[in-house]
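Me: I'd like to check a few labels against their cut-offs. Could you go through them with me?

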Amino acid sequence: MPQPDRLPGTPEFRIRLPQDGAEARGWLLTRFGGNGTNRFLLREGSLVTAEEWPGLGRHARRSRAELRAEGALLDAPSVPGRPEGAPARWVATRDIECNSSSAAAALVCGYDASGPESWRTDEGHPLSDYLSTGWRPPHKAWLVRGSNVSGHNLVRQLWLAEGFVSLSGAHLPPLEESDPTKSALRRFVEEGYEGAASYHQKQGLVDELHAFLTQMRVGDTVATYDNDRMYLGRITGDAVQTTSPGGLSNLRRSVTWRADGHPYDELPGELRQKLSVQHDVVDLTGVLDALDGLAGEADGTDRAEAADTLERAAPKELTLPGISEALAEELLVHDRAWLEELRELLLDEKQLVFYGPPGTGKTYLAMKLAEHFGGGPEQVKIVQFHPSYAYEDFFEGFRPVEDPETREVAFRLTAGPLRELADLASRDGNRHVPHFLIIDEINRANLAKVFGELYFLLEYRDRSVRLTYSGDDFPLPPNLFVIGTMNTADRSIALVDAAMRRRFAFVELSPRTEPTAGLLARWLAREGRDAEPARLLDALNSRVDDADFAIGPSYLMKPGVYRDGGLERTWRTKILPLLEEHHYGEGVDVAARYGLDALRERPA
């Protein structure tokens, strides 16, 4: 039986607090609060946090203090098995009516929280699904696909000619509400599409119907795509439900379409990326400025005015800082043109790999360049691949997490370093800032296993792919660069397949060629040290028959080498073991051939 004043058709909602699983419950009321939203009833027995976090509003602080003084919030009794060090909780001794769901969430959590998102049903659906559409930007933009609706091209046959845009909605009952909530649509889809669509298809359909029926408004921009051309229009009417042949276009909105389309190849890259998202309805508001620029051109706007519109619409240009003399000196690279070529490769390819023997400074160079081009270490993330590294470690996957209350283990979808960096790079305000992912020892993992569907995105930055776990449509942002390092003395280099080689530019760092060849001599000169170690290293490398097993200079660019006996110790414990591995089974006397005494007696 529905409780008095409870908003009809809405379930009970809950917030589960972290660390100990304490829970608060409540429901929406029919009465409205001072801010025009439904009031919320916090149920007796609900647990709330006793801690107040910085930023909690004054009204919420005062409300919590008054409820404590009245005895409506008392210290919660201790529970057997409660984790040691768990935060203090209060318990509601009676029902507490709050001005809104957000006020109730702040009361429970101890910080200002969004009630429509914080309160959830037992199935995990947010409270916002049960509310009519609230505030939204006054002008939004949408992509609606219609070139292949059950094999029919509605764009060409109906939409452009008759001036509307549509969704199928063939199995929906008559919709009595003009602005249905997402929860109502979910119920209609569950009932109408039972056996006609999978769980994920129904989930996607609910989102698309909600966008089409309640999020779209008169005056919004709408785009569609057909035959390699994008068409723009303006929504001029509310959503209507009608009948149509085969139920292909039962839900319609009238649209004033512009006469000419725009060739796909001439669209801005950020817009092409959005067009690759595989949903029937896609929110394009994030690229609205680019759409407005195209609309200005189509309207025949004065060229100067159109150029001004496009200039204002265009995001800050993505570029990489130039190579300074100071950077070249710090890296001991005598030829700035070589560094400038690396900059051009990154701008053109987005991905490159430094490869060469051990000790050639591949990782050091990658880090220094990334910090220089990105503007600091905040835009740089480093990972190291190894044989057991997988997609779930690199991008996203389900990881075991212990429930603090029951001690049972559940799996939670967790972002890996690439997903975290991509999300950071794609935030508003960050899209012109270069971000770098450095992958050390990139050839030591099973690359096809680690990259998965991301292989595609490395080559096609203007597209998106459907992710394996989350199901999101994900693009690699154009301001995310990848630098890998590869040790050629590691035989796992053979695992780098042709697909990987096609997607990366490869730059060799070899002790036999510049800028690596003279690096140690330049470093010794800068440090004011004797040049003998550089001559000995050159003599050694001239005797190594395989360039992939030459010895890089970084072994001899450490302070310990230049303490008493340091050079001999480094040669004996670092360099000769590498060469013994190289000549394993060949019967070569490594010390006699590559030892310091041998090189000093007979320098090459």
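Me: What makes the pair aspartate 5 and arginine 31 a salt bridge?
Reply: In this predicted model, the closest N and O atoms of aspartate 5 and arginine 31 are 2.7 Å apart. The cut-off is within 4 Å, so the pair counts as a salt bridge. Aspartate 5 sits in the segment before S1 and arginine 31 in strand S2, so the contact ties together parts 26 residues apart in sequence.

Me: Why is aspartate 5 called partly exposed?
Reply: Its relative accessibility is 39%. Buried would mean under 20% and exposed over 50%, so aspartate 5 falls in between. Arginine 31, at 32%, gets the label partly exposed too.

Me: How do you know that glutamate 23 and arginine 25 meet in a salt bridge?
Reply: The N to O distance for glutamate 23 and arginine 25 is 3.1 Å, and the limit is 4 Å, so the pair qualifies. Arginine 25 has a relative accessible area of 21%; buried needs under 20%, so arginine 25 is partly exposed.

Me: What makes arginine 61 and glutamate 52 a salt bridge?
Reply: Their closest N and O atoms are 2.8 Å apart, so they pass the 4 Å rule. By that rule the count comes to 37 salt bridges.

Me: Which strands form the open sheet, and in what order?
Reply: The order is S1-S2-S3-S7, with antiparallel pairing.

Me: Why do S1 and S7 stand at the edges?
Reply: Each has a single partner strand, so one side of each is left without a neighbour in the sheet.

Methods: Residues are numbered from 1 along each chain as its sequence is written. This is a predicted model: local features need pLDDT of at least 70, side-chain atom pairs count only at pLDDT 80 or more; totals for chains, interfaces and linings use all residues. Side-chain values use heavy atoms; hydrogens and water are left out. Two strands pair if DSSP finds at least two bridges between them. Helices (H or I, at least four residues) and strands (E, at least two) are DSSP runs, numbered from the N terminus. A salt bridge is a side-chain nitrogen of Lys or Arg within 4 Å of a carboxyl oxygen of Asp or Glu. Buried means under 20% relative accessible area, exposed over 50%, partly exposed in between (1.4 Å probe, protein chains only).
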